[in-house]
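Hi there,

Here is the structure I promised to pass on to you. Open it alongside this email and follow along as you read.

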Amino acid sequence: MLLPDSRADRVVPPTGYTAHLTLFVSGAMAFLAVFALALSLASDRLAERWATELAGAATLRINAPADQMAAQTKAALDVLSQTPGVASARALTAEEQIALLSPWFGSDLPLDTLPVPQLIEIIEGEPGMDVAGLRLRLGAEAPGAVLDDHTRWRAPLVDAAMSLRRLGWISILLIGGATAAMITLAANASLAANAQIIEVLRLVGARDRFIAHAFVRRFTYRAFFGAVVGVLFGMIGVLLLPEASDEGGFLTGLGFRGLGWLLPALIPILGAAVAFLATWTAATRKLKELS
């Protein structure tokens, strides 16, 4: 059906506003689809990274008077060293705590003059630690210890990233629907503009299937080539985005990784499939109306 046919191709005028409309719409939608796909894949990577990083770590905060801070920190570390499921635990140095607080208070923070709690980094191992039991032991050995297993941070962050991923896929579906609608309108306009030519073709023996094939073939090719151009510009735009970095966070990771760079190549094929179905439906319906 989509193989070149010079006789059928002459049925549909090669120029006109419908040709420009189809090329522009398919190109613009393919361009947007590239970024929607990049957003969805980046959100999936972000959700996986957050879930992995936060699930395997916990933070212990020691809130105690200055004269008891060292003793409670040692007691907490002793408890953690004897707790099953704790792979490692270490108290952060003053320099590390200043680095954590510097984005809010500046790098010249006088840590020794402020009642800043001591932080202990906990790395969880197999088979996992009993958080409730650990809290009870810490409460007895180090009354100023507060354990944060990041549960309250992990779930909302992962949910937010998954919502972004769903938004990306919904955007792709909407882009496909908008493409189908616009191509359907363009095909109907082309069929209406060529109503007299269609009538002459019928008089000389052309069947509706032959005429519909001509319109389907022309609009499918237009959509495909327009989508190819849109994907090329979209890929250039993705390449120009900043590289992923800890400073920029999520906004600098909106790109493709590994085999993900091959996925945009499917967009022109899907665009052509959408154009094929939309034009075939519009052509068969319009030809019945013109009968």
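**What I found**

Leu-241 is found in the loop between α8 and α9 (266–289); helices (H or I, at least four residues) and strands (E, at least two) are DSSP runs, numbered from the N terminus. Before going further, please note that this is a predicted model, in which local features need pLDDT of at least 70 and side-chain atom pairs count only at pLDDT 80 or more, while totals for chains, interfaces and linings use all residues. Residues are numbered from 1 along each chain as its sequence is written, and side-chain values use heavy atoms, with hydrogens and water left out.

Leu-241 has a relative accessible area of 30%, so it counts as partly exposed; buried means under 20% relative accessible area, exposed over 50%, and partly exposed in between (1.4 Å probe, protein chains only). Leu-241 and Gly-255 are 14 residues apart in sequence, and their C-alpha atoms are 7.4 Å apart in space.

**The overall picture**

The protein chain has nine helices and four strands. Reading from the N terminus, its elements run α-α-β-α-β-α-β-α-β-α-α-α-α. Of its 291 residues, 37% count as buried. Contact means heavy atoms within 4.5 Å. Among contacts between residues at least 6 apart in sequence, 84% join residues at least 24 apart.

Ala-28 and Ala-227 are 199 residues apart along the chain, yet 7.7 Å separates their C-alpha atoms. With a relative accessible area of 30%, Ala-28 is partly exposed.

**The sheet**

Two strands pair if DSSP finds at least two bridges between them.

Strand β1 (residues 57–62) pairs with β4 over four bridges, and with strand β3 (residues 118–124) over six bridges. Both pairings are antiparallel. You can pick out some of the partners yourself:

- Thr-59 has Glu-121 in β3 as its bridge partner.
- Arg-61 has Val-146 in β4 as its bridge partner.
- Ile-62 stands opposite Ala-145 in β4.

Arg-61 and Val-146 are 85 residues apart along the chain, with 5.0 Å between their C-alpha atoms. Leaving out residues up to four places away in sequence, Arg-61 touches Pro-117, Gln-118, Leu-119, Gly-144, Ala-145 and Val-146.

**The cores**

In soluble globular proteins, nonpolar side chains tend to be buried together. A nonpolar core is a set of buried Ala, Val, Leu, Ile, Met, Phe, Trp, Tyr and Cys residues joined through side-chain atoms within 4.5 Å. The largest one here has 18 residues, and those with the most contacts inside it are Leu-60, Ile-62, Ile-122, Leu-138 and Leu-147. At least two residues of this core come from each of β1, α3 (66–81), β3, α5 and β4, and α3 gives the largest share, four residues. Not counting residues up to four places away in sequence, Leu-147 touches several residues, including Leu-60, Ile-122 and Leu-138. A second, separate core of 17 residues includes Leu-191, Leu-201, Ile-211 and Ala-278.

**The aromatic rings**

How many aromatic pairs does a search of the whole structure find? The search finds four. Rings of Phe, Tyr and Trp (its six-membered ring) pair if their centres lie within 6.5 Å; planes under 30 degrees apart count as stacked, over 60 as edge-to-face and the rest as tilted. Tyr-221 and Phe-225 form a tilted pair, 6.5 Å centre to centre with 35 degrees between the planes. Both lie in helix α8 (residues 208–239), four residues apart, about one turn of the helix. Tyr-221 is partly exposed, at 32% relative accessibility. Ring pairs link Tyr-221, Phe-224 and Phe-225 into a cluster.

Enjoy exploring, and write back with any questions!
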